Structures are given as C-alpha cells and as structure tokens.
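Subject: Handing over a structure

Hello,

I am passing a structure on to you, and my notes on it follow below.

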Amino acid sequence: MSAPVFEACDVGAALRQGIARLSAAGVEAAPCDARVLLAEATGEARSRLFAFPERPLSAAERAAYEGFLIRRARREPVSRILGRREFWSLDFAVTPDTLDPRPETEVLVEAVLARLPVPGAGLRVLDLGCGSGCILLALLSELDRARGLGIDSSAAAVEVAGANAAALGLKDRAAFQVGDWAGGLEGRWQAIVSNPPYINDSEIEDLAPEVTGYDPRQALSGGPDGLEAYRVLLPQAARLLAPKGLLALEFGAGQADAVQRLAEAAGFGVQAVLSDLAGRDRCVIATPFTRG
Ligand SMILES: C[S@@+](CC[C@H](N)C(=O)[O-])C[C@H]1O[C@@H](n2cnc3c(N)ncnc32)[C@H](O)[C@@H]1O
C-alpha cells in the first residue's frame, strides 16, 4: 500500500505543498490552481481557505486533493478536472469533446451585444462550431426574446451544448445540431457568430500541454495556414445573414488581415476589429456589403 502523500495536515500545509508540486511541474498559475483544487476537494469557499489555514483535512479530502494535484501536474487544465468552466459568469460543463471555453472569446459576445439592435422577438442567432455552446448561450442569456441554433461537426459536443442549454434554463430558445458549418441551412439570421478552429496545423504541437493534450484536435486544426474554416463558412454566412445582420468571427494571432480580406471577398464590409484584454486582435465584426 502506498503511503498517503498528505499526512494528517491542515489547509495551510496542503496549499503550500500543492503550490510547490504544481510549480515544479511547470504550472504557471500554481497558487491559484492549488487553491481552486483544494476548495473543490474540501467543498469550502476559497475565501475560507485563506481565513482558516489551520482547518484540518479529512482522509477523503486529502485523497481527493491528491488526485486533483496528480492530474494538474500532468498539465490537465483545472476546468477539465472540475468538468466545468465559467464563461460570461455562467457555468458550462466541458468534456473531452468540447473546447475549453476561453475568456478571450467573451470579447466576441460583448461586441455582438453592443451592436445588435434592441432585441425584439424574432431575433435569430446562428453559432457555427458551437462546442460547449458557450457563445450562443451567453448571448441568449442576455437577449431574452432571441432564439438560436448552434452547429458542430462533433455529435458529442452538440450533446454537451444541449445539456448546457438545459442547465442554464435556455433549452426552449436554443437548439443544437450536427452539421458541416452552415451547409444545408436555410433561412435568415440576424447574427452569425463563430469561433472556428484557426491554429495552423504545423503549430499545434508547439502549444501548451494543456491545449495539445486536452482540447479536441478538430476544435484546433485550421489546416495548413489556419484559415480553412473561414474559407468555407464566410460564403455560407453571406448567403444566410439578414440584410442588416451582424457577423462576428474570432481569429488567432496574426490572422486579422487575412480574415478581413476573406470576409470582404465573401461580400462583407468590415465594421471593426476588436482586441482582447491582452491587446491582441481577436475578433472581426462585419455586415453585408451594400452598394451605393
Ligand atoms: C475553437 S472551437 C470553438 C468552440 C466554442 N464555440 C467556443 O468558443 O468555446 C471550434 C469548434 O468548431 C467545431 N468544428 C470543426 N470543424 C467543423 C465543421 N466542419 N463544421 C462545424 N463545426 C466544426 C469543432 O468541433 C469545435 O467545437
């Protein structure tokens, strides 16, 4: 029988040991991650871990914390260990089939909300490559009379998105289905949003272990130049977007010019290119181009 790693110990000691182990494994935010994992293992609020460092850990809490630390030291992201990720202040279930929603993507949500006309009934939002459903469901949580459809090529991701819609009380206004971008879709949409895979295939292996080891490949792979998905979905979006509709696309580092050119070639006028909190160009907003 192997010896327990944490002998009878308290919160303060468990945190110190956890931070040391995660730091040694190269985890950047070791103090924050150790605290989140200890809070999960003990069921305590993080603030109480600060306030009561002398609180003893039970054997079950030590075992749970130990298991979490082993996984995090192997560079599994905290969100995947917990099975959930906060996005737009909402809780989303994430699984090995979904991209771990990134805080940068909130820029896209914010940009769409700031530019949509006052939402009336009948506003329809299409999310291409919906993953966990985070973009569409964040938008619908703010637009209380809008409806939306999320498309993903992964049936497992579509299932997770549907479960997230139900958990957030949005299933009456959000539908999710398997598809190849917008192929085969009809009708008019007032907003089309997408965070497609945009990593250049030759660069995927250089990403952090948290990404290469845990995000699904089909959520990352953008082909030889990272732009394959835009070439397919932009002409489809041009066909489906309502005349005064709004297109919002996320893109990766160094892709702003190329994505703008592809959008213009598909018949869009670019309204804005927005940066994320790190100051990196992250999202393009476009509307159908009208002459005269
Ligand atoms: C970068 S992830 C974005 C997921 C989610 N929208 C988010 O922001 O967290 C891209 C998504 O596109 C999906 N995808 C890849 N190829 C696709 C295709 N041909 N048609 C539809 N979805 C596709 C992937 O399965 C993945 O869920």
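How many strands form the open sheet, and in what order? Seven strands form it, in the order β5-β4-β3-β6-β7-β9-β8, and the pairing is mixed. Before I go on, please note that this is a predicted model: local features need pLDDT of at least 70, side-chain atom pairs count only at pLDDT 80 or more, and totals for chains, interfaces and linings use all residues. Residues are numbered from 1 along each chain as its sequence is written.

**The sheet**

Strands here are DSSP runs of E with at least two residues, helices are runs of H or I with at least four, and both are numbered from the N terminus. Two strands count as paired if DSSP finds at least two bridges between them. β5 (174–178) and β8 (268–275) stand at the edges with a single partner strand each, so one side of each has no neighbour in the sheet. From one strand to the next, the twist averages 15 degrees; angles run from 0 to 180 degrees between N-to-C directions, and axes are lines fitted to C-alpha atoms, for helices over the stretch in contact.

With β7 (residues 241–250), β9 pairs in the antiparallel sense over four bridges. V284 in β9 is the bridge partner of L249, and C283 in β9 stands opposite E250. β8 and β9 also run antiparallel, joined by seven bridges, and here V284 is the bridge partner of V273. These two strands, β8 and β9, form a hairpin with five residues between them, and G279 in the turn has a positive phi of about 85 degrees.

**Helices**

Two residues are in contact if their C-beta atoms, placed from the backbone, lie within 7 Å. Helix α6 (residues 106–115) packs with α7 at an angle of about 40 degrees, their axes 10 Å apart, and the contact brings L108, V109, V112 and L113 of α6 to I135, A138, L139 and E142 of α7. The residues of this contact divide into seven nonpolar, no polar and one charged. For these classes, Ala, Val, Leu, Ile, Met, Phe, Trp, Tyr, Cys and Pro count as nonpolar, Asp, Glu, Lys and Arg as charged, and the others, Gly among them, as polar.

Helix α2 (residues 30–42) and helix α4 (residues 59–73) cross at roughly 145 degrees, and their axes come within 8 Å. Residues of this contact include L37, L38 and A41 of α2 and Y65, F68 and L69 of α4. By class, the contact of α2 with α4 has seven nonpolar, one polar and four charged residues.

**Domains and ligand**

The protein chain is divided into domain 1 (11–74) and domain 2 (84–288), with bounds from an automatic or database domain assignment. Their centres, taken over C-alpha atoms, are separated by 34 Å.

Around the ligand there are 22 residues, of which G129, G131, S153, N195 and A219 come nearest; a residue is near if its C-beta atom, placed from the backbone, lies within 6 Å. The elements giving two or more residues to this shell are α7 (134–142), β4 (147–152) and α10 (217–220). The shell has 11 nonpolar, nine polar and two charged residues.

Best wishes
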